Amino acid sequence: MPKAIWNGAILAESDNTVVVEGNHYFPVDTINKQYLTESNTHTTCPWKGVASYYSIEVDGEINKDAAWYYPNTKEKAKNIEGYVAFWKGVKVEA
């Protein structure tokens, strides 16, 4: 079962991830939200839409903008709308 781990904490775990461009997108109900804080960062993907970010905090350490999601995707990416993906040192074990 894919799981996202950072600083010893399991951030997400699900059998229902969607892999897009090599990234596992986790359903929102499988995210351990106690580790995530909304960020003001936004980026735009030409085919997915505007991404929003979370910073991750575990044991007082912060990994800024290390998770992202698309709250309102473009049509071709509807299968990951609201799903969360990770990077910046977050290990995803499949």
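**Close-up views of a predicted model**

View 1. V50 counts as partly exposed, because its relative accessibility is 42%. That value falls between the limits of 20% for buried and 50% for exposed. The model shown here and in every other view is predicted. V50 is part of strand 6. H42, T43 and T44 are among them. Y69, Y70 and P71 are also on the list. Now look back along the chain to V28. V28 and V50 are 22 residues apart in sequence. In space, their C-alpha atoms are 17 Å apart.

**View 2. K74 in the loop between strand 7 and strand 8.** Find K74 in the loop that joins strand 7 to strand 8. Is K74 buried, exposed or partly exposed? K74 has 41% relative accessibility, so it counts as partly exposed. A polar atom of the K74 side chain lies 2.8 Å from the backbone oxygen of P46. P46 is also one of the residues that K74 touches, leaving out those up to four places away in sequence. K74 and V50 are 24 residues apart in sequence, yet 8.7 Å separates their C-alpha atoms.

**View 3. The hairpin of strand 5 and strand 6.** Three residues sit between strand 5 and strand 6, and the two strands form a hairpin. Strand 5 covers residues 36-45. Strand 6 covers residues 49-58. How many bridges join this pair? There are seven, and the pairing is antiparallel.

View 4. Four strands line up in the order 5-6-7-8. The sheet is open, and its pairing is antiparallel. Which strands form the edges? They are strand 5 and strand 8, and each pairs on one side only. Strand 8 covers residues 84-86. From one strand to the next, the twist averages 35°. Inside the sheet, strand 6 pairs with strand 7 over six bridges. Strand 7 covers residues 61-69, and this pairing is antiparallel. Here E57 stands opposite I62 of strand 7. Strands of a sheet pair through backbone hydrogen bonds.

View 5. Strand 1, residues 3-6, pairs with strand 9 over three bridges. In this pairing, K3 has E93 of strand 9 as its bridge partner.

**View 6. T30 in the loop between strand 4 and strand 5.** T30 lies in the loop between strand 4 (23-25) and strand 5. Is T30 buried or exposed? T30 counts as buried, because its relative accessibility is 18%. The cut-off for buried is under 20%. A polar atom of the T30 side chain lies 2.7 Å from the backbone oxygen of P27. Leaving out residues up to four places away in sequence, T30 touches L11, A12, E13 and S14.

How values were computed: Residues numbered from 1 in each chain as written. Predicted model: local features only at pLDDT ≥ 70, side-chain atom pairs only at ≥ 80, totals over all residues. Heavy atoms only, no water. Buried < 20%, exposed > 50% of the residue type's maximum accessible area, 1.4 Å probe, protein only. Polar contact = N/O pair within 3.5 Å; in protein donor to acceptor, adjacent residues only side chain to side chain. Contact = heavy atoms within 4.5 Å. Pairing = 2+ DSSP bridges. Axes fitted to C-alpha atoms, helices over the stretch in contact; angles between N-to-C directions.
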